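Thanks for coming, everyone. Please take a look at the structure on the screen, and I will walk you through the fold piece by piece.

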Amino acid sequence: MRLSFLTLTAIFTLLGAADASAQRYDPAYPVCMHRYVGGPGGGGSDYYDCSFTSLEQCRATASGLAATCDLNPYYAFNESPPPRRRPKKVH
């Protein structure tokens, strides 16, 4: 009895689990354009286009559109600090 209850609980849990929503940011590119799409009666939606390699490239594409360009929060920027420069010796 206990085993069948646990089995049924596990099955219903797996079947009832909602699908995970799609990831909004593509971690392969450093810049994303957040595009706003208007709809009838003031409704609308938005989406992210993370296919840009620079802010300038994104801004050129977004020119004239209802969009903003931002750094991708999920892009793996170089996390190590830049190497320290050695001071020049003055003779």
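**Helix on sheet**

Start with helix α2. It lies across β1, β2 and β3, and it runs at about 170° to β3. Some terms, quickly. Helices (H or I, at least four residues) and strands (E, at least two) are DSSP runs, numbered from the N terminus. Contact means heavy atoms within 4.5 Å. Axes are lines fitted to C-alpha atoms, for helices over the stretch in contact, and angles run from 0 to 180 degrees between N-to-C directions.

A word on the source. This is a predicted model, where local features need pLDDT of at least 70 and side-chain atom pairs count only at pLDDT 80 or more, while totals for chains, interfaces and linings use all residues. Residues are numbered from 1 along each chain as its sequence is written, and side-chain values use heavy atoms, with hydrogens and water left out.

**The whole chain**

What does the chain contain? Two helices and three strands. Along the sequence, the pattern reads α-β-β-α-β. The chain has 91 residues, and 13% of them are buried. Buried means under 20% relative accessible area, exposed over 50%, and partly exposed in between (1.4 Å probe, protein chains only). The accessible surface comes to about 8000 Å², and carbon and sulfur atoms hold 59% of that. Those areas come from the Shrake-Rupley method with a 1.4 Å probe; for residues, only the protein chains shown count as cover. Now contacts. Take those with a separation of 6 or more: 51% of them join residues 24 or more positions apart.

**The sheet**

In what order do the strands sit? The three strands form an open sheet, β2-β1-β3, with antiparallel pairing. Two strands pair if DSSP finds at least two bridges between them. Strands β2 and β3 stand at the edges with a single partner strand each, so one side of each has no neighbour in the sheet. On average, neighbouring strands are turned by 25° against each other, direction ignored.

Take the β1 and β2 pair. They are antiparallel over seven bridges. They also form a hairpin, with five residues between them. In that turn, G41 has a positive phi of about 70°. G38 stands opposite G44 in β2. M33 stands opposite D49, also in β2.

Now the other side of β1. Strands β1 and β3 pair in the antiparallel sense over five bridges. Here C32 stands opposite D70 in β3.

**The disulfides**

How many disulfides are there? Two, counting a pair of cysteine sulfur atoms within 2.5 Å as a disulfide. As a reminder, a disulfide is a covalent bond between the sulfur atoms of two cysteines.

The link of C32 and C50 is right-handed, with 105° about the S-S bond. C32 lies in strand β1 (residues 31-38) and C50 in strand β2 (residues 44-52), so the pair ties together parts that are 18 residues apart in sequence. Are these two cysteines buried or exposed? C32 counts as buried, at 2% relative accessibility. C50 counts as buried too, at 6%.

Another disulfide joins C58 to C69, with S to S at 2.1 Å. The torsion about this S-S bond is about -90°, so the disulfide is left-handed. C58 sits in helix α2 (residues 55-62) and C69 in strand β3 (residues 67-71), so this pair ties together parts that are 11 residues apart in sequence. Both C58 and C69 are buried. Number the bonded cysteines in sequence order, and the pairing is 1-2, 3-4.

**The core**

Last stop. In soluble globular proteins, nonpolar side chains tend to be buried together. Which residues form the largest nonpolar core here? Seven of them: V31, M33, F52, C58, A62, A67 and C69. A nonpolar core is a set of buried Ala, Val, Leu, Ile, Met, Phe, Trp, Tyr and Cys residues joined through side-chain atoms within 4.5 Å. The elements giving two or more residues to this core are β1, α2 and β3. A62 touches M33, A67 and C69, leaving aside residues up to four places away in sequence.
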